[in-house]
Amino acid sequence: MTSPHHANRRPSGWLRIGIPALLVLIWLAAGSIGGPYFGKVDEVSSNDRSSFLPESADATQVNGRLADFLGGESIPAVVVVTGQGELSQDDIADVQALADDIAEVEGVQEDVSPPIPSDDGEAVQIFVPIDASGEVGPTVEEIRTLVADDLPADLEGWVTGPAGFTADLVEGFLGIDGLLLGVALIAVFLILVIVYRSPLLPVLVLLTSMFALCAALLTVWWLAYAGIVVLNGQVQGILFILVIGAATDYALLYVARFRESIATGGSRWDATLSAWRGAFEPILASGGTVIAGLLCLLLSDLATNRALGPIASIGIAFSMLSALTFLPALLALCGRAAFWPFIPKQPIAMIPDDLTQPVKGLWPRQARFVARHARIVWIACTIVLLAGAVGITQLKADGVPTSDLVLGSSEARDGQEVLAEHFPAGSGSPVYAIVPEEDLADAVGVLDASDGIESVSVASDDSPTGQAQVQVEDGEPVFTAVGPPGTPAPEPTVADGDVLVIGTLTDAADSVAAEDTVRQLRADLDDALGAGTAIVGGETATDIDTNDTSTRDRTVIIPVILAVILVILMLLLRSILAPVLLIGTVILSFATALGVSALVFNEVFGFPGADPAVPLYGFVFLVALGVDYNIFLMSRVREESLVHGTRPGILRGLVATGGVITSAGLVLAATFAALGVIPILFLAQIAFIVAFGVLLDTFIVRSLLVPALSYDIGKAIWWPSKLWRNDVGAAPAGHNSSSATRTGQDAPPKTRRVDGAGGVAAHGAPLPAETDPDLVAGDGHALTREEYRRTLEP
């Protein structure tokens, strides 16, 4: 019979060098092309929230038609100026000069309003339309510079309104390319140096991550450029962190396998092949599961969520590809030198079959602890996790005001507060209602009757300000002329038989009170004009539609993700019970992470709430990445169980993967925690939830709960696969199973005996290491492990 091990069939020396070298050159080329695109992301990104809404949303429809009534696509900025008390005529003149200078700024459209004084005479405001198709951030910054330079010392000004908040968001995302990546890479490097005590290996792992990111960014940039996906700062930051974290995790799994092979004395080529075979299936399964979970976001109605699915999936795909091609090539070229100065020379210490024997090392000790107290361990872990999950009732994920999206200082937020002291708080962010021309009087009557509306006007090309005040008299709309006596009253602008009604909100546009006003207006307009006759938009309506859509997405997508991952785990582990239990532990871990996070957000950080998408994003990352660690652990457990039996296999799998899962968890937690350096509320909350959840998964769920629960259940964990029926370590009929539990393993068949070295012997003499210790084929040759595994495949 031909041996299944083709040790002598090895490629020539130049191929063993040439193949890795070629792979390295290919990745270097990809990195050199993709690297410069880090500085070009802003060319294809957008932070306009209305562009992420579905086309069917009222706010989207209104936003798409505003140019028909207002003469161009613009986003308003509001300049508010105050003095030491009531403003003088000279002060007003200074503000008018400022308005004239602002009108000359590139990106500012025509019709900058004159200074409009407040009723108390202590403030003035200027409405500045900014071209929405241009660079809003730089335009606002130039206006802010003019305000600071042009106003005399006794006057103070702020730039607020939708354009001001957009500029503050843009500024908040500026650190993504440099600061975020720098913090994440430094954190990962330090962790890897501590874990591996090698200066070279961390560099190789980080190169794997960075080149994966370069290739992913290159692909995403062109997709965004072609309009296939929508890219914003939020998605960009998550892409960077996800690729760095996932690629490093996959790299660590490969490094662990490579280290095992090197430690047994194999050559660098043999170690590369052995490590690649051992790492390929779990990396492919883990990455495939994450991609499947992320692609469920395509079910979202929000464009930003739909974009995150394929964009993050592209990042995961390149992370897998890099970990399975670029890193193996680098390690094949470096060999043992990659681990210098602590080159591994001995295999990982395994736990003995007899748990009364002494053990060395953290993970063998933990495995013995789990075996001796399995039921107590998993029950205690469950109670602790359930206690933490109680805090989920305190999570406020129903949306936050736009003014609170930026952490730290915000000129737009400060200006909004000053504006609310002297003017209607909704100035600059009105509510828009597009209604048929013949229904104008009824629509104006509805807005006039609302306590949340300060004043009502219509869009008018005849008015110098672009708007005309309107009232209803004797059932007919009456428009107020702007100008000297005798000036004819303006007429409303009509587009496709519709007019644009503009209502100034009494409350700040991002407040709960303003949202209540807009919701009530929609209901009242439907009652007065007929359902769907009027469509209501504006900043407040955009917030409402975004939050409502996010809540719907959360309800629909989370169950789908669970179902998809459950099916993948069933196919991978060839079992039903094990995947169900694993999914249960992941859900429990997520609930605990969210519960603890809610308490921290409310009581420690004092956050005003959370976006409805925060739980969805947290779920996607924690469940998908948590299943990653389940796959790392349970795929190794299944591999060991095929040879040693289920309970010994669980302990061996825990020992073999404990170190790599812990390292990977620390790395992933550190990379997501790096999102906290970006002063954006959403990213800070995702950073904490995912980082804390990953640490919870690493040190409690994967290290204690899953092994202890699986060990307590025993071979039934594999039900209904053949491994459940033919577990090599299962006790024969009539055998006392409790004795097997006390010794920490399923009782072996009686034909088995242990030799003096602690290894298994059969047929009177120790068998070769590569063969199964118990079974022989019909022709009398000892089955190899691979041959025996095939007998158990369903």
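Predicted model: local features only at pLDDT ≥ 70, side-chain atom pairs only at ≥ 80, totals over all residues.

Student: Where does the pLDDT fall below 50?

Tutor: Over residues 1-8, a stretch that has five contacts in the model beyond near neighbours in sequence. Residues 730-774 also stay under 50, and there the model has 59 contacts beyond four places in sequence.

Student: Okay, on to sheets. In what order do the four strands of the open sheet come?

Tutor: Read across the sheet and you get S2-S3-S1-S4, with antiparallel pairing. S2 (116-117) and S4 (156-160) are the edge strands: each has a single partner strand, so one side of each is left without a neighbour in the sheet.

Student: How many bridges join S2 to S3?

Tutor: Two, and S3 covers residues 123-131. To find your place, look for Ile 116, which stands opposite Gln 125 in S3. Helix H4 (residues 136-150) packs on this sheet, where it touches S1, S3 and S4, and its direction makes about 170° with that of S4.

Student: Which strands does helix H3 lie across?

Tutor: H3 (residues 89-103) lies across S1 (74-82) and S3, and runs at about 5° to S3.

Student: How should I read a helix like that, residue by residue?

Tutor: Start with the general idea: an α-helix has 3.6 residues a turn, so residues three or four places apart point the same way. Now the case here. The buried residues in H3 are Asp 91, Val 95, Leu 98, Ala 99 and Ile 102. Down the axis of H3 they fall within an arc of 100°, so they line one face of the helix.

Student: What covers the buried residues of H3, and what sits on the other side?

Tutor: The cover includes S1, S3 and H4. On the other side of H3 you'll find Gln 89 and Asp 90, which are exposed.

Student: What about the length of H3?

Tutor: Count 1.5 Å a residue and compare. H3 has 15 residues and reaches 21 Å from its first C-alpha to its last, close to the 21 Å expected.

Student: Can we try the length and the faces on another helix?

Tutor: Buried in H15 are Ala 514, Glu 515, Thr 517, Val 518, Leu 521, Arg 522, Leu 525 and Leu 529. They cover an arc of only 155° around the axis, which puts them on the same side of H15. The face turned away from that buried side carries exposed Val 512 and Asp 527.

Student: Which residue follows H15?

Tutor: Gly 530, whose phi is positive, near 105°.

Student: Last one: how do S7 and S8 pair?

Tutor: In the antiparallel sense, over four bridges, with S7 at residues 467-473 and S8 at residues 476-479. Glu 473 stands opposite Glu 476 in S8. The hairpin has two residues between the strands, and Asp 474 takes a positive phi near 55°.

Note on methods: Residues numbered from 1 in each chain as written. Heavy atoms only, no water. Pairing = 2+ DSSP bridges. Contact = heavy atoms within 4.5 Å. Axes fitted to C-alpha atoms, helices over the stretch in contact; angles between N-to-C directions. pLDDT = per-residue confidence, 0-100. Buried < 20%, exposed > 50% of the residue type's maximum accessible area, 1.4 Å probe, protein only. Arc of directions from axis to C-beta. Expected span 1.5 Å × (residues − 1).
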